[in-house]
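Student: I have a model open and would like to learn how to read its features one at a time. Could you walk me through it?

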Amino acid sequence: MSRTALRICPLCEATCGLTLTVEGTRVTGARGDRDDVFSQGFICPKGASFGEVDGDPDRLTAPLVRRNGVLEQASWDEAFDLVAARLRPLIEEYGANAVGVVLGNPNVHTMAGALYPPVLLGGLRTRNLFTASTLDQMPKHVSSGLLFGDPFAIPVPDLDRTDHLLLLGANPLESNGSLCTAPDFPGRLKALRRRGGTLTVVDPRRTRTAKLADRHVAPRPGTDALLLAALTHVLFEEKLTSLGELAEQVDGLAEVRDTVREFTPEAAGAACGLDPDEIRVLARELAAAPTAAVYGRIGSCTVEHGTLASWLVDVLNILTGNLDRPGGALFPLSATDKAPRPAGPGKGFAIGRWRSRVGGHGEAKSELPIAVLAEEIETPGEGQIRGLIVSAANPVLSAPDGDRLDRALAGLDFMVSVDPYLNETSRHADVVLPPPPPSQSAHFDFAFNTFAVRNQVRYTRAAVPLAEGRLDECEIHARLVLAATGMHGAPADAVDALVIDRTLGKAVADPHSAVYGQDAKTLAARLTGENGPERRLDMMLRLGPYGDGFGADPDGLTLERVLAHPHGIDLGPLRPRLAQVVRTRSGRVELLPGPIADDLPRLRAALDQRPAGLVLVGRRHLRSNNSWLHNIPSLNGGSNRCTLHVHPEDAARLGLADGDPVRVKADGGEVAAPVEITDAVREGVVSLPHGWGHNRPGTRLGVAAEQPGVNVNQLLDGSRLDPLSGTAVLNGFPVELVALR
Ligand SMILES: Nc1nc2c(c(=O)[nH]1)N[C@H]1C(S)=C(S)[C@@H](COP(=O)(O)OP(=O)(O)OC[C@H]3O[C@@H](n4cnc5c(=O)[nH]c(N)nc54)[C@H](O)[C@@H]3O)O[C@H]1N2
Ligand SMILES: Nc1nc2c(c(=O)[nH]1)N[C@H]1C(S)=C(S)[C@@H](COP(=O)(O)OP(=O)(O)OC[C@H]3O[C@@H](n4cnc5c(=O)[nH]c(N)nc54)[C@H](O)[C@@H]3O)O[C@H]1N2
Ligand code: SF4
Ligand SMILES: [Mo]
């Protein structure tokens with residue numbers, strides 16, 4: 001007998017609602033949930049393979065514990081006993097920083113990853129925190145922190161209403177979008193064009209997204225900040241700025257005008273490899289559009305000037321009056337956000353409050369660059385990382401110089417991984433704690449709803465009951481928190497109870513809260529839900545911007561109400577709310593923040609720089625997901641291969657034929673890959689995807705190991721960073737090719 005069950009897809013940021021077919025405890029099919037209030041039936045090939053991803057026979061089914069150097073199956077009690085016994089002494093002997101924490105991408109795709117790491121970090125108080133953000137969006141957090149005073153105040157393009165989208169360094173037709181949660185991103189772009197709007201794509205590759213665009217601009221990699229500075233220049237030069245109501249809320253306009261003076265279309269165009277007239281046209285079109293949004297992603301973040309580019313994206317949105325207006329770039333308001341507080345000055349945002357021990361890199365958002373993790377493990381001295389807690393991360397493949405990190409991890413005193421696979425990173429753990437497959441987990445998108453192009457709320461309970469001997473990932477994380485913070489043995493829901501106590505305690509003391517002056521214990525007793533995570537969700541919903549405020553608004557959201565709407569509740573289009581968002585010390589948007597101004601000379605110097613030879617960029621394939629879906633047969637192979645894209649002119653010059661093996665050399669290392677000749681890359685640019693290199697011993701990834709590919713990040717030694725955010729430069733670095741045939 002088969003049945004159906006709803007599950008929000010955790011495989012990318014689009015958060016599509018899926019209808020799963022379940023036979024017994026096995027997911028045998030997945031289709032788009034047509035009634036989902038947000039995704040309305042959309043599904044992509046990854047979502048369609050949910051059953052295969054879920055049922056991958058290589059997934060670990062029980063904890064592993066290292067005995068005499070070998071990882072063997074163990075009981076959960078044994079695993080957590082070992083964590084407590086080995087981590088605590090490191091902290092007691094060497095201090096809080098002796099234990100590092102690494103959080104990878106799937107933490108934003110699980111409830112556990114949202115609910116527990118903050119508690120863990122609060123308890124550990126280590127400064128050695130590393131996450132995928134410094135391989136990804138940290139530049140945006142920093143620019144938003146500096147502009148708006150809140151690193152999470154990230155405006156998203158109003159895809160469904162805009163007249164003009166200027167999209168840089170993103171390929172949503174393959175990635176399905178990022179920091180812009182929009183199920184069926186491709187359909188939304190097509191709708192933009194159908195209603196007469198324009199799509200401009202800036203990408204050194206002619207991607208599927210670029211092919212859909214009205215205009216494709218292919219600059220030299222790494223030069224987006226120059227292009228954006230030139231667009232800003234033209235807006236001032238041609239008197240095209242029109243801030244409208246924003247003018248009242250923004251400081252530093254004249255300073256920005258002065259600072260972009262040198263970035264003429266001629267000067268920037270020469271560096272970007274673009275026609276200055278085309279730059280002028282881009283600026284005029286942006287200014288002339290009734291509404292417009294500028295949106296930059298990976299290709300504008302993981303580059304030399306990532307923070308400056310991220311900042312300029314919003315400078316342009318502001319100068320054209322498009323920030324915080326329908327059709328422009330708006331701040332979502334998710335159901336589990338804090339309820340808006342009155343406008344006014346805030347605490348502001350600072351970077352570099354402390355520095356990494358070895359390289360002296362400044363923190364950003366309490367994180368150190370993941371590119372320097374290896375040196376922090378290897379280098380003896382006070383504060384050396386001796387123990388490591390890794391959750392949902394595979395930095396051996398996703399961060400620079402995996403070989404070095406591989407060696408460093410092998411030298412740790414103790415490492416624990418929360419991971420469903422024994423892979424390139426988790427193979428170094430002394431304890432591996434495997435979460436159940438996604439069908440057995442409940443799902444709520446705490447993070448992605450805050451970047452969604454429409455406000456809505458959806459929650460799906462586990463589609464399949466937890467298998468015998470399994471622990472829910474929330475319970476795994478809760479027990480990890482207890483084991484790592486000296487409370488080993490306490491019941492797992494003690495962690496949730498603690499958070500609930502603290503949160504409600506704060507709320508009842510906050511005059512702006514709907515529950516001000518009430519009794520926290522009484523409120524806690526009113527929370528509903530089957531378990532700790534559900535009670536926390538109920539609490540967040542009820543205290544949130546659409547919440548019932550524990551009765552203050554009887555029509556407001558509660559967990560019960562959300563559960564009664566299995567396809568979700570639509571909360572309407574994005575609405576202007578800048579004043580609520582701004583948390584700078586001045587209470588105004590700071591258009592030219594100090595750290596940005598200090599980094600601008602570096603960008604000015606880049607006006608005169610030209611690459612001596614080829615430069616490399618990455619790419620994502622529709623059926624990939626960073627480093628961890630290559631083990632799924634239907635998602636691997638075909639056009640999803642680890643080949644080096646080379647432009648025909650470059651191939652001819654170097655005497656390379658399609659399929660030839662070639663050595664790619666960069667200043668950080670080298671790899672060998674087959675050539676795929678294509679004019680989809682700009683001349684002078686080559687492209688190699690990331691997440692490959694599944695040929696290390698001691699892993700359990702049978703399918704991936706058959707076509708391992710090579711690790712592009714082996715070309716990097718971790719020394720190329722965007723200085724303001726500590727983000728690794730993964731795109732636009734020089735390489736040399738050597739024919740191997
Ligand atoms: N050269 C280059 N490198 C890049 C990028 C690039 O564009 N170019 N992109 C970067 C970006 S944007 C990112 S986000 C990073 C990603 O890098 P990471 O954060 O390291 O993420 P993944 O490579 O996706 O590895 C995810 C890990 O989580 C595990 N996992 C899967 N599902 C679950 C789950 O439900 N629970 C738990 N606990 N674990 C799970 C997987 O088995 C895997 O070990 O890679 C970065 N690296
Ligand atoms: N199918 C699939 N989907 C995914 C993922 C995946 O691995 N596979 N990963 C997920 C994750 S973690 C993330 S963060 C998102 C990322 O989603 P996106 O931000 O859309 O990232 P990419 O698809 O890597 O597209 C980045 C584009 O930037 C271009 N580029 C490179 N250098 C430059 C440059 O200097 N300037 C400009 N303008 N462009 C440049 C590249 O050619 C590429 O087309 O995707 C998510 N979705
Ligand atoms: S677009 Fe993303 S969320 Fe939607 S089905 Fe595909 S992988 Fe899942
Ligand atoms: Mo990412």
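**Reading the model, feature by feature**

Tutor: Let's begin with a single residue and its neighbours. Leaving out residues up to four places away in sequence, Asp 158 is in contact with Pro 326, Gly 327, Gly 328, Leu 330 and Val 453. Keep in mind throughout that this is a predicted model.

Student: Is Asp 158 buried or exposed?

Tutor: The idea is to compare relative accessibility with a cut-off: under 20% is buried. Asp 158 has 2% relative accessibility, so it counts as buried.

Student: And what does its side chain reach?

Tutor: The backbone nitrogen of Gly 327, which is 2.7 Å from the side chain of Asp 158. Gly 327 is also one of the residues that Asp 158 touches.

Student: Let's move to the ligands. Which residues come nearest to ligand 1?

Tutor: There are 28 residues around ligand 1, and the nearest are Asn 394, Ser 398, Asp 419, Asn 423 and Ser 627. With a list like that, go on to the individual polar atom pairs. A polar side-chain atom of Asp 419 is 2.5 Å from an oxygen atom of ligand 1. The backbone takes part too: an N or O atom of the Asn 105 backbone lies 2.7 Å from a ligand 1 oxygen, and a polar backbone atom of Ala 392 is 3.4 Å from an oxygen of that ligand.

Student: What about the phi of Ser 366?

Tutor: Ser 366 has a positive phi as well, near 65°. Look for Ser 366 in the loop from β14 (329-330) to α16 (373-378). At 29% relative accessibility, Ser 366 counts as partly exposed.

Student: Back to ligands: which residues come nearest to ligand 2?

Tutor: Asp 203, Gly 222, Asp 224, His 621 and Asn 626 come nearest, out of 30 residues around ligand 2. Then go through the atom pairs as before. A backbone N or O atom of Gly 222 is 2.6 Å from an oxygen atom of ligand 2, while a side-chain N or O atom of Arg 620 is 2.8 Å from a ligand 2 oxygen. There is also a nitrogen atom of ligand 2 that lies 3.1 Å from a polar backbone atom of Leu 622.

Student: What share of ligand 2 is buried, and what is its shell made of?

Tutor: Alone, ligand 2 exposes 920 Å², and the protein buries 98% of that. By class, the shell around ligand 2 has eight nonpolar, 14 polar and eight charged residues.

Student: How should I read a nonpolar core?

Tutor: In soluble globular proteins, nonpolar side chains tend to be buried together. The largest nonpolar core here has 62 residues, and those touching the most other members are Phe 148, Leu 226, Leu 227, Leu 228, Leu 231, Trp 311 and Ile 318. Its largest share, 10 residues, comes from α10.

Student: What does Leu 226 touch?

Tutor: Beyond residues up to four places away in sequence, Leu 226 touches Phe 263, Ala 268, Ala 271, Cys 272, Leu 603, Ala 606 and Leu 607. Another core, of 54 residues, lies apart from the largest one, and includes Ala 371, Val 432, Leu 644 and Val 686.

Definitions and conventions:
Residues are numbered from 1 along each chain as its sequence is written. Chains are lettered from A and ligands numbered from 1 in the order in which they are written. This is a predicted model: local features need pLDDT of at least 70, side-chain atom pairs count only at pLDDT 80 or more; totals for chains, interfaces and linings use all residues. Side-chain values use heavy atoms; hydrogens and water are left out. Buried means under 20% relative accessible area, exposed over 50%, partly exposed in between (1.4 Å probe, protein chains only). A polar contact is a pair of N or O atoms within 3.5 Å; within protein, one must be able to donate a hydrogen and the other to accept it, and residues adjacent in sequence count only if both atoms are side-chain atoms. Contact means heavy atoms within 4.5 Å. A residue is near a molecule or strand if one of its heavy atoms lies within 4 Å of it. A nonpolar core is a set of buried Ala, Val, Leu, Ile, Met, Phe, Trp, Tyr and Cys residues joined through side-chain atoms within 4.5 Å. Helices (H or I, at least four residues) and strands (E, at least two) are DSSP runs, numbered from the N terminus. Accessible areas come from the Shrake-Rupley method with a 1.4 Å probe; for residues, only the protein chains shown count as cover. Ala, Val, Leu, Ile, Met, Phe, Trp, Tyr, Cys and Pro count as nonpolar, Asp, Glu, Lys and Arg as charged, and the others, Gly among them, as polar.
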